[in-house]
Amino acid sequence: MATVTFDKATRVYPGSTKPAVDALDIEIADGEFLVLVGPSGCGKSTSLRMLAGLEDVNGGAIRIGDRDVTHLPPKDRDIAMVFQNYALYPHMSVADNMGFALKIAGVNKAEIRQKVEEAAKILDLTEYLDRKPKALSGGQRQRVAMGRAIVREPQVFLMDEPLSNLDAKLRVSTRTQIASLQRRLGITTVYVTHDQVEALTMGDRVAVLKDGLLQQVDTPRNMYDKPANLFVAGFIGSPAMNLIEVPIADGGVKFGNSVVPVQRDALSATSDKTVTVGVRPEHFDVAGADSDQGVAVTVNVVEELGSDAFVYGTAQVGGEAKDIVVRVGGRDVPEKGSELHVVPRSGETHVFSTSTGARLSD
Ligand SMILES: Nc1ncnc2c1ncn2[C@@H]1O[C@H](COP(=O)(O)OP(=O)(O)OP(=O)(O)O)[C@@H](O)[C@H]1O
Ligand SMILES: [Mg+2]
């Protein structure tokens, strides 16, 4: 078991001037499940591959425990990696696939068998050990790939989108299995995904990357409640947070016909005339139909989920038509084409600088 430290780790690919990963700074605790998340091309795989030793580090350092591994070859790092395309050997049984790395390492047969059987038990694969991969479901194959990593008893697990070959339903059940397995084994894990829901549900902490730059590293709760900037605010949460540029008014911000109080400090922190206010869909109060409070939202589409519903509408804010998403109760669903007056709930607004994107409220 071990900690993992990215110490201003930087990767510049040959022929490029801009780093793919730019001074990445993260300290991962022993036994922690850390998820790297961000849009395509933001540097997730590159970060993981630097930790694995598959990619040169052009600046900064990487440590596993107290060992500086920055320039160590992959085989000396004591890590095991599960990729998106976890090619299993088709001619080998499940047991031989799982024990292959140990066989290469010269471990004796009896010990390999024992480790494979242990891993198979954990992964619920015992009855499939003699089968060939083609006789397994996608989810079972994915577990064999996990098994190959587990038998090596590494200090660190690295996983790069290991669930992306699975269908939606299997992804959801497998992500719970992986998360609970990781907690049971207690092995420090760095997990890459572009799916923010996967990140929030699996990680002890989540690190959001954009254009090679770390935006925020935090617990899922804090990431949702206090996004550090406009990018994280828009990226984390589904449907996304409403981000609306509004004028600063006396005692708050002007939201349509209402002045919504926001933290005083947040507004004094900027010299701009406007700020961008973030409101999650579940944080609007819906005023009566004849109310003149807040802003009027014309309902375009209603997505009913049974327990609640998401209203996708358009509102005129500052002379511009803005898309707004509002969560309402499943039993108070407005008609398409009707009008809804909404006001952000006091204490549930996020204030960001429109010019820099930085969070202004605490
Ligand atoms: N071998 C390479 N040579 C040059 N540039 C590369 C190489 N591999 C990746 N890049 C570039 O580095 C950046 C980061 O790539 P990376 O693969 O780390 O992104 P990612 O976050 O894993 O994306 P995805 O979600 O699509 O897998 C991208 O702009 C990519 O084009
Ligand atoms: Mg990738």
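This note goes through a predicted model of one protein chain with a ligand, point by point.

1. Overall make-up. The protein chain has 362 residues, and 49% of them count as buried. Its secondary structure consists of nine helices and 20 strands. Along the principal axes, the C-alpha atoms fill a box of roughly 80 × 45 × 35 Å. The accessible surface comes to about 17,100 Å², with 48% of that belonging to carbon and sulfur atoms. Among contacts with a separation of 6 or more, 65% are between residues 24 or more positions apart.

2. The shell around ligand 1. Which residues surround ligand 1? They are Tyr13, Ala20, Ser40, Gly41, Cys42, Gly43, Lys44, Ser45, Thr46 and Glu161. Sorted by class, this shell has three nonpolar, five polar and two charged residues.

3. Polar atoms at ligand 1. Ser40 has a polar side-chain atom 2.5 Å from an oxygen atom of ligand 1. For Thr46, too, a polar side-chain atom lies 2.5 Å from an oxygen atom of the ligand. In the side chain of Tyr13, an N or O atom is 3.3 Å from a nitrogen atom of ligand 1. On its own, ligand 1 has 640 Å² of accessible area, and the protein covers 54% of this.

4. Helix α1. Helix α1 spans residues 44–52, and seven of its nine residues are buried, so the helix is largely enclosed by the rest of the structure. The buried residues are Lys44, Thr46, Ser47, Leu48, Met50, Leu51 and Ala52. Lys44 and Thr46 also belong to the set of residues that surround ligand 1. After α1 comes Gly53, which has a positive phi, near 90 degrees.

5. Helix α2. In α2 (residues 94–104), the buried residues are Val94, Ala95, Asn97, Met98, Gly99 and Leu102. α2 is followed by Gly106, with a positive phi near 80 degrees.

6. Strand β7. Is strand β7 enclosed or open to the outside? Five of the five residues of β7 (residues 156–160) are buried, so the strand is largely enclosed by the rest of the structure. Both of its faces are covered, with Val156, Leu158 and Asp160 buried on one side and Phe157 and Met159 buried on the other.

7. The neighbours of β7. Strand β6 (residues 79–82) runs parallel to β7 and is joined to it by four bridges. Strand β8 (residues 188–193) is likewise parallel to β7, with five bridges joining the two. In β7, Phe157 stands opposite Ala80, while its bridge partner in β8 is Thr189.

8. Glu198. Helix α6 (residues 196–202) contains Glu198. Why does Glu198 count as buried? The relative accessibility of Glu198 is 1%, and the cut-off for a buried residue is under 20% relative accessible area. The side chain of Glu198 makes a polar contact of 2.7 Å with the side chain of Arg171. Leaving out residues up to four places away in sequence, Glu198 touches Leu163, Arg171, Arg175, Tyr191 and Thr193.

9. Ala287. Ala287 is placed in strand β15 (residues 284–287). With a relative accessibility of 22%, Ala287 counts as partly exposed. Beyond residues up to four places away in sequence, Ala287 touches Gln293 and His341. Along the chain Ala287 and His341 are 54 residues apart, yet their C-alpha atoms are separated by 5.2 Å.

10. Gly288. The loop between β15 and β16 (295–304) holds Gly288. Gly288 is partly exposed, at a relative accessible area of 40%. From Gly288 to Pro344 is 56 residues in sequence and 14 Å in space, C-alpha to C-alpha.

Conventions
Residues are numbered from 1 along each chain as its sequence is written. Chains are lettered from A and ligands numbered from 1 in the order in which they are written. This is a predicted model: local features need pLDDT of at least 70, side-chain atom pairs count only at pLDDT 80 or more; totals for chains, interfaces and linings use all residues. Side-chain values use heavy atoms; hydrogens and water are left out. Buried means under 20% relative accessible area, exposed over 50%, partly exposed in between (1.4 Å probe, protein chains only). A polar contact is a pair of N or O atoms within 3.5 Å; within protein, one must be able to donate a hydrogen and the other to accept it, and residues adjacent in sequence count only if both atoms are side-chain atoms. Contact means heavy atoms within 4.5 Å. A residue is near a molecule or strand if one of its heavy atoms lies within 4 Å of it. Accessible areas come from the Shrake-Rupley method with a 1.4 Å probe; for residues, only the protein chains shown count as cover. Ala, Val, Leu, Ile, Met, Phe, Trp, Tyr, Cys and Pro count as nonpolar, Asp, Glu, Lys and Arg as charged, and the others, Gly among them, as polar. Two strands pair if DSSP finds at least two bridges between them.
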